[in-house]
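The points below may be read in order alongside it.

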Amino acid sequence: YVEAGHGPSLEDVFKTIRNVPGADAVEKIARAQSYLTALRGKRLGFDKLDYKNTTLTEAQAKAFMAKVDADPELKASLEAFRDVYNQYNKGLIEFAVQSGAMTKADAAKLLAHGDYVPFYRVDGDGKAKLVFGEELTVSIGDLRYMPHLEALKGGDGAILPLNESIMQNTMLLTDLAMHNLAQKESAYALQDLGKGKGKPDKSGK
């Protein structure tokens, strides 16, 4: 199973979702996602979320949070989920920082408030980006060289269901970090090959 650093695993995140009161898995996932989105909307303002086609309006978010506040069991389960989910994301993002794929400053912005709900967008020149509202956009790759990112095209910023976005976020951030590490290793290897050989002659040797 996937573990983010020494923190919680992906399995741990889904265990906390299973503990959220709800009729079935779909409702549990929807409640967990609504909780994160409502907290973010409350902090930033729903007009700043930049989530087109989101199914959670400001009025719905307020009604949902009133229900959560009135139900201690529900609130405790959602806070437990949020805590583990944030720890998991922190591990992924710290791995991206350690690989050199993301700056410490960008990572701090992503993790600052504990309401990280990522989504992805592909711009006109084929660059895939992790979009975090108006605060931060992080480039994660180029479709010309990373064709598997093609799957991100076609969306207009809608939030994926949480179970899908967690998997996608794990794959993309890990891929970003590994790609950056591979580039570094290639550069080091080429550097080592050139050590002590002096300048190339006319033939390039």
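1. Confidence of the model. The average over the protein is 74, and 59% of the residues score at least 70. Over residues 154-158 the pLDDT stays under 50, and the model has 11 contacts beyond four places in sequence for this stretch; contact means heavy atoms within 4.5 Å.

2. Basis of the values. This is a predicted model, in which local features need pLDDT of at least 70 and side-chain atom pairs count only at pLDDT 80 or more, whereas totals for chains, interfaces and linings use all residues. Residues are numbered from 1 along each chain as its sequence is written, and side-chain values use heavy atoms, with hydrogens and water left out.

3. Overall architecture. The protein contains six helices and three strands; these are DSSP runs numbered from the N terminus, helices being H or I of at least four residues and strands E of at least two. Read from the N terminus, the order of the elements is α-α-α-α-α-β-β-β-α. Of the 205 residues, 42% count as buried, where buried means under 20% relative accessible area, exposed over 50% and partly exposed in between (1.4 Å probe, protein chains only). Among contacts with a separation of 6 or more, 60% join residues 24 or more positions apart.

4. Helix 4 itself. With 27 residues, helix 4 reaches 39 Å from its first C-alpha to its last, close to the 39 Å expected at 1.5 Å a residue. The expected span is 1.5 Å times one less than the number of residues. Just after helix 4, Gly100 takes a positive phi of about 90 degrees.

5. Packing of helix 2 on helix 4. Two packed helices are described by the angle between their axes and the distance between the axes. Helix 2 (residues 25-44) packs against helix 4 (residues 72-98) at an angle of about 75 degrees, with the axes 10 Å apart. The axes are lines fitted to C-alpha atoms, for helices over the stretch in contact, and angles run from 0 to 180 degrees between N-to-C directions. Helix 2 and helix 4 are therefore roughly perpendicular to each other; angles under 35 degrees count as roughly parallel, over 145 as roughly antiparallel, 65 to 115 as roughly perpendicular and the rest as oblique. Helix 2 contributes Arg31, Ala32, Tyr35, Leu36 and Leu39 to the contact, and helix 4 contributes Leu74, Lys75, Leu78, Glu79, Phe81, Arg82 and Tyr85. By class, the residues of this contact are eight nonpolar, no polar and four charged. Ala, Val, Leu, Ile, Met, Phe, Trp, Tyr, Cys and Pro count as nonpolar, Asp, Glu, Lys and Arg as charged, and the others, Gly among them, as polar.

6. Packing of helix 3 on helix 4. The axes of helix 3 (residues 58-69) and helix 4 come within 6 Å and cross at roughly 110 degrees, and the two helices are therefore roughly perpendicular to each other. Phe64, Val68 and Asp69 of helix 3 meet Leu74, Lys75 and Leu78 of helix 4. This contact of helix 3 with helix 4 comprises four nonpolar, no polar and two charged residues.

7. Phe95 and Ala96. Both Phe95 and Ala96 belong to helix 4. Phe95 counts as partly exposed, at 26% relative accessibility, whereas Ala96 is buried, with a relative accessible area of 0%. Not counting residues up to four places away in sequence, Phe95 touches Thr174, Ala177, Met178 and Leu181, and Ala96 touches Ala101, Met102 and Ala177. Ala96 and Ala177 are 81 residues apart in sequence and 4.7 Å apart, C-alpha to C-alpha.

8. Leu111, in helix 5 (residues 104-111), is partly exposed at 28% relative accessibility. Leu111 touches Asn89, Lys90 and Ile93, not counting residues up to four places away in sequence. Phe14 lies in helix 1 and, with the same exclusion of residues up to four places away, touches Asn163, Ile166 and Met167.

Definitions and conventions. pLDDT = per-residue confidence, 0-100.
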